[in-house]
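Welcome! Please take a look at the sequence and the model below before reading on.

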Amino acid sequence: MQMVNISLRVLSRPVEEALPTILKTVGTDYDERILPSIVNEVLKAVVAQYNAEQLLTMREKVSQQIRIQLMHRAKDFNIYLEDISITHLTFGKEFSTAIEAKQVAQQEAERSKFIVLKAEQEKRAAVIKAEGESEAAKLISDALKTGQGLVELRRLEAAKEIAATLARSKNITYLPGGNNVLLNLPQQQ
């Protein structure tokens, strides 16, 4: 059994044609004498049909069912209900703690699932990388057997990398060898 606290807002007015009957039978405080009892009666009847989780997830349906039954019940007393709505819905401390524990467990399960998926992706990436490196080593081995083309390619790649590094540096100037330097220097004789 779960403790449920529900606050309900009810806007009502008497049916105008039945006002003399209401005043004779109930009195001027009809809303204070009739509404609390029928509201409690209907609330207990409707809420008893649902468990605590359903009250949260199906709140609109519960509210609609309370509205319909309360309007029907109020007609017996010549009271018209203009608006009925659940304004507050809380549960006992044990239930709130259980809901929090359930949410934490669900988050942990999702986190574990993510970690497993991530590990699988990393495993696939490592296998693909190893296969690629194996294929590269095989190609290099084949190229070394057939000639010096790979060695020349690596030498050119290294030269290109060195040239790019030197070009980015502001403190280094590269002067080509030979007599192709275009500097305005006096000629040696």
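## About the model

This is a predicted model, in which local features need pLDDT of at least 70 and side-chain atom pairs count only at pLDDT 80 or more, while totals for chains, interfaces and linings use all residues. Residues are numbered from 1 along each chain as its sequence is written, and side-chain values use heavy atoms, with hydrogens and water left out.

## The protein as a whole

The protein has seven helices and two strands, in the order β-α-α-α-α-α-β-α-α from the N terminus. Here helices (H or I, at least four residues) and strands (E, at least two) are DSSP runs, numbered from the N terminus.

Of the 189 residues, 17% are buried. Buried means under 20% relative accessible area, exposed means over 50%, and partly exposed is in between (1.4 Å probe, protein chains only). Among contacts (heavy atoms within 4.5 Å) between residues at least 6 apart in sequence, 71% join residues at least 24 apart.

## The nonpolar core

A nonpolar core is a set of buried Ala, Val, Leu, Ile, Met, Phe, Trp, Tyr and Cys residues joined through side-chain atoms within 4.5 Å. The largest one here has 25 residues, and Leu 55, Val 62, Ile 66, Leu 70, Ile 79 and Leu 81 have the most contacts inside it. Two or more residues each come from helix 3 (35–47), helix 4 (52–57), helix 5 (59–75) and strand 2 (79–91). Helix 3 gives the most, with seven residues.

Which residues of helix 5 are buried? They are Val 62, Ser 63, Gln 65, Ile 66, Leu 70 and Ala 74.

Ser 63 has a relative accessible area of 10%. Not counting residues up to four places away in sequence, Ser 63 touches Ser 85 and Ile 86.

## A loop residue

Asn 78 sits in the loop between helix 5 and strand 2. Its phi is near 60°, a positive value in a residue other than glycine. Asn 78 is partly exposed, with a relative accessible area of 28%.
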